[in-house]
Amino acid sequence: MTAGTGNPPGIQSAVSPMLVRLAGERATGALLRDHGTLYLTDGRVVHAESPAAPGIDVLLTRGGRLPREGWEEAVDRAGTRSEVGRFLVDSGRLHDGELEICHLGALFDAAFFALSPGSGPTRFRYGVAHWIGPVRPVSASSVERETVRRRELLDHVWPYAAVDTAPVVARKPAPGQAVTRRQRVLLELADGVRTPVAIAWALGRPAFHTLLDIRRLAAAGLVETPEEPAAASLPTLPAWVTSVSGDPDIALLRRLRDALEASL
Amino acid sequence: MPGIDACLEEAMTLPGALGAAIVDWTSGLALGTAGQSPNGDHEATAAETAELARAAAEYSAFAPPARPPTPAPASRPDGPVPATAPGPRPAPGTATGSAATPAPGSDGDKGPPVEDLIVTTRTGYHILSFVETTFDSSVFLHLWLDRRTGNLALARIRLGQLAERLVLG
């Protein structure tokens, strides 16, 4: 199975050739990248984690759905068996649908960051399983497609990546401009210090959702768009690569990255 | 207490059901799909319906004017409860008790003020039924019905029930 199968043109470039290969060989283990980790079982993605994305524990406890102790007890009692998700349902703490909705949200959120471009070397540790256990595995190709779609969606909404990483500075609404309910909740936390990711953690919302909402706010003029492109936002390519030319050949860089990943 | 797949499966048993999906309306992600999609691509459909749902959930025209001073539940106020639900069902927002009053720091209910959307086309009906979760989420059920064989009133009620059972068990 290749990532490009059946995709419309434009999103065929694999986000991670290694992920495609591992899916093809139905591998089980952990795919470690700079910005996060994907967990595979039989080539399907069962979990993802990223320091940028609030985990399922944050999503469930921050909004008050689950007391922190309830979560910790589940991890204590079922973590070693890698069945925390199952335990949360079987012990009546969560319903199946809630767990699946929340877990999928966290999975695609973390995968978006884990698969961010220029994410450095990729390693795979065979046989490693995550303690959350299987909830609702998704195909590697759907994770890749969604990750690419999300990147394009951000730029479609407001093509200024600098707002993703800069502290969020709210602007006064124009006379007569409406601010929606969810926007208000975000803007209340825009204190000029918190970044979009920090706001996501504070609210217990997926980080990508917050990036997207902040881009929408910036497009509406309700949040400042920083002048400087955030060049140093995410570690991308080694300096010697980018300094070769002011206009780097994307295809060349992709091949270079693929070759590097393939050799690992 | 159905999970995503069981919920979609049940939605597909409704008369005239052509396709169903569970979609996140902030991101446009399809969390699960069943049956066909109107344009042959469930993911593209999800992205489009999400935009519609987001607009409805966010526009002030569809928001309650202000929080009523009475403690009466403001959500899902409509009429008779179908026979499948024993007794008056609790409003989702009040199910945990603590959510009955506006949370400090935010302005009230987390769920969108809109229950569902219905789009009628020449050949079909689309029902988008919002799922209200007790954690911060933005999810709806989308059911696509054949216009000749579908029963809009029944499907709307059933989909609302499914949306509740998906998270309340």
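In this predicted model, about 1600 Å² is buried between domain 1 of chain A and domain 2 of chain A, and carbon and sulfur atoms give 62% of that area. The size of an interface is often given as the accessible area lost when the parts come together. In terms of residues, 21 from domain 1 of chain A are in contact with 17 from domain 2 of chain A.

As for polar interactions across this boundary, the count of salt bridges between domain 1 and domain 2 of chain A is 0, while 4 residue pairs, both members at pLDDT 80 or more, are found in polar contact across the interface. On the side of domain 1 of chain A that touches domain 2, the elements giving two or more residues are helix H1 (17-24), helix H2 (56-62) and helix H5 (96-114) of chain A. Sorted by class, that side of domain 1 of chain A holds 11 nonpolar, 6 polar and 4 charged residues.

Chain B can be read from its secondary structure: it has 3 helices and 5 strands, which follow one another along the sequence in the pattern α-β-β-α-β-β-β-α. Of the 169 residues of chain B, 47% count as buried. Among the contacts in chain B with a separation of 6 or more, 55% are accounted for by residues 24 or more positions apart.

Methods
Residues are numbered from 1 along each chain as its sequence is written. Chains are lettered from A and ligands numbered from 1 in the order in which they are written. This is a predicted model: local features need pLDDT of at least 70, side-chain atom pairs count only at pLDDT 80 or more; totals for chains, interfaces and linings use all residues. Side-chain values use heavy atoms; hydrogens and water are left out. Contact means heavy atoms within 4.5 Å. Buried area is the accessible area (1.4 Å probe) that two parts lose on being put together, summed over both. A salt bridge is a side-chain nitrogen of Lys or Arg within 4 Å of a carboxyl oxygen of Asp or Glu. A polar contact is a pair of N or O atoms within 3.5 Å; within protein, one must be able to donate a hydrogen and the other to accept it, and residues adjacent in sequence count only if both atoms are side-chain atoms. Helices (H or I, at least four residues) and strands (E, at least two) are DSSP runs, numbered from the N terminus. Ala, Val, Leu, Ile, Met, Phe, Trp, Tyr, Cys and Pro count as nonpolar, Asp, Glu, Lys and Arg as charged, and the others, Gly among them, as polar. Buried means under 20% relative accessible area, exposed over 50%, partly exposed in between (1.4 Å probe, protein chains only).
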